Amino acid sequence: MIKVDTYKYIKDLHIKERKSIRQISRDTGLSRQTIRKILYGSVEEVTQYKRNVPPPAPLKEQYAPIIRDWIVENLTAPPKQRYTASRIYERLQEEKGFAGGASTVRGWVKEIKHELNIERVETYVPLEHDPVGRAQCDWTPAVARINGQDIKGDLFLMRFSNSSAFYIRFYPHQRQEAFFDAHEKTFAFFNGVPQSILYDNLKTAVKRVLVGRKREEQDSFVKFRAHHGFDSEFCNRAKGNEKGKIEALARYVKWHIFTPVPEFPTIEALNNWIEERCRKLNARPRGRNQQSFWDAFELERDKLLPISIHTFDCCNRKEAKVNRFSLVQFDRNQYSVPTEYTGKMVTVKGYVDKIEIYYQKSKIAAHERCYDSGKQMFQLEHYLKLLERKPRAVGQAKPVRQANLPKPFAKYHEVVQSMDPEEGDRQFVKVLLLLKRFPVHIVSEALTLAIKQNRLNPADVEQIVDTIDEPSTKTVSSTKTEVMKPTGQVAPTQLQRYASLVKGGVGA
């Protein structure tokens with residue numbers, strides 16, 4: 001490598017003093033080949049050092065294969081939930097004990113992504129917002145592994161424009177009941193309501209796009225806003241960059257919360273974990289001032305609106321008729337109600353996680369919500385009266401089969417059916433009727449004893465159930481403290497007052 005001063009000196013000898021290459025070589029001691037390279041080559045080629053052999057990099061040799069494997073494995077993940085250099089750096093620290101710097105990892109990740117040809121560069125306009133209690137809202141698709149299965153759902157995101165404090169929640173869909181429920185959970189998380197919220201043109205909020213920024217909003221959304229008192233604003237069509245804070249949050253949470261894909265037994269457990277992650281990430285110091293989102297949020301906390309003392313019914317309401325199988329159709333599935341409501345019109349309320357069915361303002365049934373298609377959701381107690389009248393149907397009845405009763409029930413039915421084919425079904429129905437008064441585990445235990453003791457008559461089974469259930473009843477009654485009657489003190493009778501009243505006097 002030639003130093004810059006040497007490069008300039010030789011150039012001056014040749015250009016200003018008009019010396020030949022041979023003369024310059026004698027004066028400087030440099031070879032004529034080197035001088036020709038300086039005179040006819042570029043300054044970068046001559047003055048820049050080039051290694052013939054790359055320097056040893058033991059850390060890179062140790063961790064680069066791990067990074068490469070993570071990036072390659074993550075290529076099958078949703079595009080917005082793939083690794084970033086900062087997330088890889090965090091994992092190396094937490095899982096592999098990496099003690100190097102973040103810039104080192106960024107360099108390795110850049111080289112590997114360049115080799116794999118998966119680099120992506122995006123440009124954003126920086127914005128600045130005043131602390132006036134404004135927020136931005138959006139949905140973004142995400143994948144979570146629930147009970148061993150990959151569930152494609154949607155993340156609800158809300159973020160304050162000034163402080164960047166945020167809250168997210170996972171839902172299996174973006175329907176209006178989920179949209180409203182997510183707002184309620186967000187308001188509870190921040191203990192207040194933003195004064196205004198900026199949205200995309202969501203179908204759950206916007207009925208029709210008018211001129212400019214004017215929108216005809218959904219009636220239910222207007223009611224929801226009126227209930228909480230906040231204002232709504234909407235982006236122009238195809239202008240998601242107008243709410244850049246929330247767009248950046250969508251990428252951030254997928255990299256820092258949903259990478260790798262989280263795995264939980266239920267959606268509720270997942271959301272509980274997400275909420276704790278939100279608290280932790282909001283409290284993380286950031287930037288030169290090491291200020292967290294929570295610290296910045298304190299400046300606009302006083303700008304929030306108070307949460308309403310009244311609850312908003314976050315549901316999708318529908319009127320439906322009960323069919324002849326005592327089922328109600330809602331959202332591509334059917335749900336059972338008690339058989340006495342067959343043929344009547346009922347009100348179905350679809351919440352995010354449950355279905356409630358009402359008849360004339362009285363709740364007659366409640367089910368866990370099913371998000372499959374073409375399913376029939378039964379509750380056995382809804383059909384017990386009907387089975388009492390039609391006992392021969394009990395063996396093939398869907399409500400009985402889908403009740404997932406313990407094995408002693410099927411064993412008892414098999415035994416009484418083999419002993420008395422004419423009355424076996426009726427006896428089994430009488431046993432099922434005990435479920436109206438006793439928990440299923442107690443009846444199951446009683447059936448096990450009844451089969452062992454050969455006491456198969458339903459009356460004997462009921463007697464065994466009473467015997468099993470009696471200790472718990474006694475325990476409850478024994479814990480009650482005996483109430484003692486107060487012993488009041490009675491004043492002695494004064495006969496003079498009575499005599500005074502008889503004579504027409506005034507009693508004291």
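Here are some notes on a predicted model, going from the chain overall to a few helix pairs and sheets.

1. Overall picture. The chain holds 19 helices and 15 strands. It has 508 residues, and 39% of them count as buried. If you take the contacts between residues at least 6 apart in sequence, 59% join residues at least 24 apart.

2. H5 against H7. Have a look at helix H5 (residues 58-73) and helix H7 (residues 102-116): their axes come within 10 Å, with a crossing angle of roughly 55°. On the H5 side the contact is made by Leu59, Lys60, Tyr63, Ala64, Ile67, Arg68, Ile71 and Val72. H7 brings Val105, Trp108, Val109, Glu111, Ile112, Lys113, Glu115 and Leu116. Sorted by class, that contact has 11 nonpolar and five charged residues, with no polar ones.

3. H6 against H7. Helix H6 (residues 85-96) also packs on H7, and here the axes come within 9 Å and cross at roughly 120°. H6 and H7 are therefore oblique to each other, and H6 passes H7 in a right-handed crossing. The residues that meet are Ala85, Ile88, Tyr89 and Leu92 from H6, and Ala102, Val105, Arg106 and Val109 from H7. By class, this contact has seven nonpolar residues, one charged and no polar. Val105 and Val109 of H7 are listed in the contact with H6 and also in the contact with H5.

4. The three-stranded sheet. Three strands make an open sheet in the order E10-E11-E15, and the pairing is mixed. Strand E10 (327-330) and strand E15 (376-377) are at the edges with a single partner strand each, so one side of each has no neighbour in the sheet.

5. E10 and E11 form a hairpin with two residues between them. One to check in the turn is Asp331, which has a positive phi of about 55°. On the E15 side, Gln334 stands opposite Gln376.

6. The four-stranded sheet. A second open sheet to look at has four strands in the order E9-E12-E13-E14, with antiparallel pairing. Its edge strands are strand E9 (316-321) and E14, each pairing on one side only. From one strand to the next, the twist averages 25°.

7. Strand E13 (residues 354-359) and E14 pair in the antiparallel sense over six bridges. Lys354 has Glu368 in E14 as its bridge partner. Ser362 is found in E14, which covers residues 362-368. Is Ser362 buried or partly exposed? Its relative accessible area is 41%, so Ser362 is partly exposed. Ser362 and Val346 are 16 residues apart in sequence, and their C-alpha atoms are 9.8 Å apart in space.

Terms used:
Residues numbered from 1 in each chain as written. Predicted model: local features only at pLDDT ≥ 70, side-chain atom pairs only at ≥ 80, totals over all residues. Heavy atoms only, no water. Axes fitted to C-alpha atoms, helices over the stretch in contact; angles between N-to-C directions. Contact = heavy atoms within 4.5 Å. Nonpolar A, V, L, I, M, F, W, Y, C, P; charged D, E, K, R; others polar. Pairing = 2+ DSSP bridges. Buried < 20%, exposed > 50% of the residue type's maximum accessible area, 1.4 Å probe, protein only. Parallel < 35°, antiparallel > 145°, perpendicular 65-115°, else oblique. Left-handed = near helix turned anticlockwise from the far one by under 90°.
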